[in-house]
Amino acid sequence: MARAAVLGRLTWQVGTVAAVRDETPTARTISLDVPQWPGHLAGQHVDVRLTAPDGYSAQRSYSIASAPGGTRVELTVQRLADGEVSPYLAQVLSVGDPVELRGPIGGWFVWDPDDTGPVLLAGGGSGVVPLMAMVRTRAATGSRAPFRLVYSARSDQTALYTSELAGLEHAGPGLEVTHVYTRTTPAGWPWPAGRATSDLLAAAGWPPEKMPSVFVCGPTGFVETVADLLVGAGHQPGKIKTERFGPSGGQ
Amino acid sequence: MNACLDGNVLAGALSELFTIDITSATGQCVSCGTSGAIGQARVYADAPGLVARCPACGQVVLRLVRSPGRAWLDLRGITCLEVALPG
């Protein structure tokens, strides 16, 4: 399955929107049925292409949020105020609409469920999406790899997947989730509002001696800050995989 | 203009040219000799094409320009690609 998902030249195909689900006031999960979907690995993305009636076309990359399973693929799209593609996907698209996409794409930023070693996931904003695919894949495969997720969002109102993460965390050992809020914290929150610090990463992550596999995804500033803090704490740069998204990344 | 992305972002465009995922292949930089996954390159996407630079020395390792019906791939900065294959 894993190899089948990586090998083969990609072509555009058409999926159909099977369901949409609002995650926050500005983010929505789109569940697509893609009849020829070959399966995917946790952390991979798809390219989505929108074409206007006059032929103008725009293309963006979106991380896959769901664990592999059949022909169903879920994307969570954060609406960007000045976005060209995301407002359409996050607001206009409805059940039954066709969506042109190609994927799965990328074999570098992926977690392999056969890997039993400890994992640190650090997500900023909608950077949590590919990390959620890893958390969901861990649960779906019955993996016992110990996972720690540090998830930075502006507030608990904008955080994605909050109740599902809490449910998975309480469902069994091996997944620990730490939320970081950069603007507003809920009442009684143990840390003040602010960005992830070295102390927080030390407390919520793994000591470098555990040699965790590290996946960091988010806006460029978040990724560089977290990766630098982890390297400064003694983590091996070769164990840290990063995925930045910028203005043209569209994620 | 200085925002860069990771080499992962090349995967879709390169998948039009290659059947294997080039971003998980290991490449060696012509300029400084550093080896690493193409997915670790620094990619600048706000040019007419995609420009990938070595994360260690900053030299250009790959450029890819796509137009309707045609692609140009410049691999000037990579001496050798090591690709994992099944079997």
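**Domains and core**

Guide: Start with the division of chain A. This is a predicted model. Chain A splits into domain 1 (2–105) and domain 2 (119–245). The C-alpha centres of domain 1 and domain 2 of chain A are 24 Å apart. Across the boundary, 13 residues of domain 1 of chain A are in contact with 15 residues of domain 2 of chain A. On the domain 1 side, β1 (13–24) and β5 (72–78) of chain A are the elements that give two or more residues. That side of domain 1 consists of six nonpolar, six polar and one charged residue.

Now the core. The largest nonpolar core holds 86 residues. Those with the most contacts inside it are A:L121, A:L131, A:F215, B:L10 and B:V43. Helix α3 (residues 128–141) of chain A supplies the largest share, seven residues. Domain 1 (2–105) and domain 2 (119–245) of chain A each give this core at least three residues.

Look next at B:L10. Beyond its neighbours within four places in sequence, B:L10 is in contact with B:T23, B:I38, B:V43, B:L50, B:A52 and B:L64.

Return to chain A for A:L201. This residue sits in helix α5 (residues 198–204) of chain A. A:L201 counts as buried because it has 23 C-beta neighbours inside 10 Å, and the cut-off is 20 or more. Leaving out residues up to four places away in sequence, A:L201 touches A:V150, A:A196, A:L229, A:L230 and A:A233. A:T178 is 23 residues from A:L201 in sequence, and their C-alpha atoms are 9.5 Å apart in space.

Note on methods
Residues are numbered from 1 along each chain as its sequence is written. Chains are lettered from A and ligands numbered from 1 in the order in which they are written. This is a predicted model: local features need pLDDT of at least 70, side-chain atom pairs count only at pLDDT 80 or more; totals for chains, interfaces and linings use all residues. A nonpolar core is a set of buried Ala, Val, Leu, Ile, Met, Phe, Trp, Tyr and Cys residues joined through C-beta atoms within 7 Å. A residue is buried if 20 or more other C-beta atoms lie within 10 Å of its own, exposed if 12 or fewer, and partly exposed in between; C-beta atoms are placed from the backbone. Helices (H or I, at least four residues) and strands (E, at least two) are DSSP runs, numbered from the N terminus. Domain bounds come from an automatic or database domain assignment. Two residues are in contact if their C-beta atoms, placed from the backbone, lie within 7 Å. Ala, Val, Leu, Ile, Met, Phe, Trp, Tyr, Cys and Pro count as nonpolar, Asp, Glu, Lys and Arg as charged, and the others, Gly among them, as polar.
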